[in-house]
Amino acid sequence: MLNNASGFEKIYICCGYSDLRRGIDGFANMIQQEFKIDPFNTRILFLFCGRKTDRIKGLLWEGDGFLLLYKRLETGKFQWPRNEAEVKTISPQQYKWLMEGLSIDQKKAIKTIAPERIL
């Protein structure tokens, strides 16, 4: 479920460190009180990462209740943004990078060549 971003309307990551001992109520309260976002929207995924960057938790409202997701990597680490204590919206591509262990702030790898320069 966490390897694919399809089906999510928005994806929010809570930058910095989150206490992964929290459960559904703790994360829902954090979203409401600290970030002023309504967690009761379907198809919106909220992601949290603790100090150990090999595990994350996700919170998803399904219309009739919350789903708490937990993922622990066997090898590797998530490249989690640690410099901000805020919530950030990420694109499906950034989500894919995050799940692949890459930074969400990838630079463009290939420069576009102007058509007039191609012979």
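Me: Which residues does Ser18 touch, not counting residues up to four places away in sequence?
Reply: This is a predicted model, in which local features need pLDDT of at least 70 and side-chain atom pairs count only at pLDDT 80 or more, while totals for chains, interfaces and linings use all residues. Residues are numbered from 1 along each chain as its sequence is written, and side-chain values use heavy atoms, with hydrogens and water left out. Contact here means heavy atoms within 4.5 Å. By this criterion, the residues touched by Ser18 are Phe27, Met30, Phe48, Cys49 and Gly50.

Me: Is Ser18 buried or exposed?
Reply: Ser18 belongs to the loop that runs between strand 1 (10-14) and helix 1 (24-33); helices (H or I, at least four residues) and strands (E, at least two) are DSSP runs, numbered from the N terminus. A residue is buried under 20% relative accessible area, exposed over 50% and partly exposed in between (1.4 Å probe, protein chains only). Because its relative accessible area is 8%, Ser18 is classed as buried.

Me: In what order do the five strands form the open sheet?
Reply: Two strands pair if DSSP finds at least two bridges between them. Strand 1 and strand 2, for example, run parallel and are joined by four bridges, and Tyr12 stands opposite Phe46 in strand 2. The pairing in the open sheet is mixed, and the order of its five strands is 4-3-2-1-5.

Me: At about what angle does helix 1 run to strand 3?
Reply: Axes are lines fitted to C-alpha atoms, for helices over the stretch in contact, and angles run from 0 to 180 degrees between N-to-C directions. Helix 1 lies across strand 1, strand 2, strand 3 and strand 4. Its angle to strand 3 is about 75°.

Me: Which residues of the largest nonpolar core touch the most other members?
Reply: A nonpolar core is a set of buried Ala, Val, Leu, Ile, Met, Phe, Trp, Tyr and Cys residues joined through side-chain atoms within 4.5 Å. The largest one has 19 residues, and those touching the most other members are Ile11, Ile13, Leu45, Leu47, Tyr95 and Leu98.

Me: Which elements give two or more residues to this core?
Reply: In soluble globular proteins, nonpolar side chains tend to be buried together. The elements with two or more residues in this core are strand 1, strand 2 (44-49), strand 3 (55-61) and helix 2 (92-99).

Me: How many salt bridges does a search of the whole structure find?
Reply: A salt bridge is a side-chain nitrogen of Lys or Arg within 4 Å of a carboxyl oxygen of Asp or Glu. Asp19 forms one with Arg21 at 3.0 Å between the closest N and O atoms, and Arg55 meets Asp54 at 2.9 Å, N to O. Glu74 is joined to Arg72, also by a salt bridge, with the closest N and O atoms 2.9 Å apart. For the whole structure, the search finds three.

Me: What is the relative accessible area of Thr53?
Reply: Thr53 is located in the loop between strand 2 and strand 3, where it touches Lys77, Phe78 and Arg82, not counting residues up to four places away in sequence. Thr53 counts as buried because its relative accessible area is 16%.
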